[in-house]
Amino acid sequence: RYISSLSTKWFTKQNMINLLNILGYKQKNKNIIFECNDISHFSGNHTVASRSIIENWKTNPSKYKKYRIKSLQTQKINDFDSMREVMTRRLKEVLNTGNIPDLIIIDGWKWQLSSVLEILENFKNDSSLEQEKLELLNELQFVSIAKKEEELFLWREKKFEKIVLKKSDQELKMIQKIRDEAHRFAITFNRDSRIKSMKKNILESLPWFGPVTRKKILKKYKTTENLANFTIDELSKDLNKNQIETLIEHWIISED
């Protein structure tokens, strides 16, 4: 992907101000904050999302966030529904904390932006919403970036507006950077989730390990890898001879 390895050291706070001006948006915070959310899955499994942050032109990993998508059925792929869930949770966070970023970047074309704005309108139309919180939602500023041509899309005056920046513009590179960072973070989280799930479920494929035993092992030892840190005598307090021999045969623990 174009300039995907670019460091934020090439950006300045002025680049962030310039981008807001280009989009016709206002600076909301003294420390300017841009955020981007991205979705990642593996064949429809372990669908997760991530949020990356650029604050005062520098990435701020301390404010990154991970989401496990809960609304999709296993092996179902739907990035639109996944993003709707993420933004629903994000808007609840905004209402609870009262904190908003200066810009929320959506990875996708105008249709992805449209689905996010639909969620926003649902929140605004909640009759129980206090006026103060409604005004907070009205302060939110969105832009989407379409991968193919790297076009930017806004919703203004009841229609989509397209903005095309030069490939050499630092403001475009900044959006690309935060999008790529969100993508990297989401992929890493997805991979770690799959590895953790595989480690946790390996006992299901072994004989002599029923649901009760698996639950007991994971409760006490946390992961199957931790079993290797105990002697056979120690494991014998929780496992029988057949179970221990099975673990040895599958290289999970050692005879030594």
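**Buried residues, salt bridges and helix packing**

In the predicted model described here, Asp 238 has a relative accessibility of 19% and counts as buried, because the cut-off for that class is under 20%. Asp 238 forms a salt bridge with Lys 220, and the closest N and O atoms of the pair are 2.8 Å apart. This pair links distant parts of the chain: Asp 238 belongs to the loop between H7 and H8, Lys 220 belongs to helix H6, and 18 residues separate them. A further set of residues, Glu 35, Arg 51, Arg 90 and Glu 93, is joined into one network by salt bridges that share partners.

The structure as a whole contains 15 salt bridges. In general, side chains of opposite charge can pair when their charged atoms come close. In another pair, a salt bridge of 3.7 Å, N to O, connects the side chains of Glu 121 and Lys 124. Both of these residues are located in helix H3 (residues 110–124), where they are 3 residues apart, about one turn of the helix. An α-helix has 3.6 residues a turn, so residues three or four places apart point the same way. Glu 121 is partly exposed, with a relative accessible area of 37%, and Lys 124 is likewise partly exposed, with a value of 21%.

The protein chain comprises 256 residues, 44% of which count as buried. Its secondary structure consists of 8 helices and 8 strands. Of the contacts between residues at least 6 apart in sequence, 64% join residues at least 24 apart. The accessible surface of the chain amounts to about 14,500 Å², and carbon and sulfur atoms account for 49% of this area.

The buried residues of H3 are Lys 110, Leu 113, Ser 115, Val 116, Leu 117, Ile 119, Leu 120 and Phe 123. Their cover includes helix H2 (79–97), helix H4 (131–138) and the strands E5, E6 (142–146), E7 and E8 (159–163). Ser 115, a residue of helix H3, has a relative accessibility of 4% and is therefore classed as buried. Apart from its neighbours within four places in sequence, Ser 115 is in contact with Phe 80 and Arg 84.

Phe 80 also contributes, together with Trp 109 and Trp 111, to a nonpolar surface patch of about 310 Å². Trp 109 is situated in the loop between strand E5 (103–107) and H3, and this residue is partly exposed, with a relative accessible area of 36%.

Strand E7 (residues 151–156) contains Leu 154. With a relative accessible area of 1%, Leu 154 is buried. Beyond its neighbours within four places in sequence, Leu 154 is in contact with Leu 23, Tyr 25, Leu 113, Phe 142, Val 143, Lys 159, Phe 160, Glu 161 and Ile 163.

Helix H6, which spans residues 211–221, has Thr 213, Arg 214, Ile 217 and Tyr 221 as its buried residues. Viewed down the axis of H6, these buried residues fall within an arc of 100°, and they therefore line one face of the helix. Pro 211, Val 212, Lys 215 and Lys 219 are exposed on the other side of H6. The cover over the buried residues of H6 includes helix H7 (232–235) and helix H8 (241–249). Just after H6, Lys 222 adopts a positive phi of about 70°.

Technical notes
Residues are numbered from 1 along each chain as its sequence is written. This is a predicted model: local features need pLDDT of at least 70, side-chain atom pairs count only at pLDDT 80 or more; totals for chains, interfaces and linings use all residues. Side-chain values use heavy atoms; hydrogens and water are left out. Buried means under 20% relative accessible area, exposed over 50%, partly exposed in between (1.4 Å probe, protein chains only). Helices (H or I, at least four residues) and strands (E, at least two) are DSSP runs, numbered from the N terminus. The arc is that of the directions from the helix axis to the C-beta atoms. Contact means heavy atoms within 4.5 Å. A salt bridge is a side-chain nitrogen of Lys or Arg within 4 Å of a carboxyl oxygen of Asp or Glu. Patches are made of residues with over 30% relative accessible area and no salt bridge: like charges are joined within 9 Å, nonpolar side chains (Val, Leu, Ile, Met, Phe, Trp, Tyr) within 5 Å. Accessible areas come from the Shrake-Rupley method with a 1.4 Å probe; for residues, only the protein chains shown count as cover.
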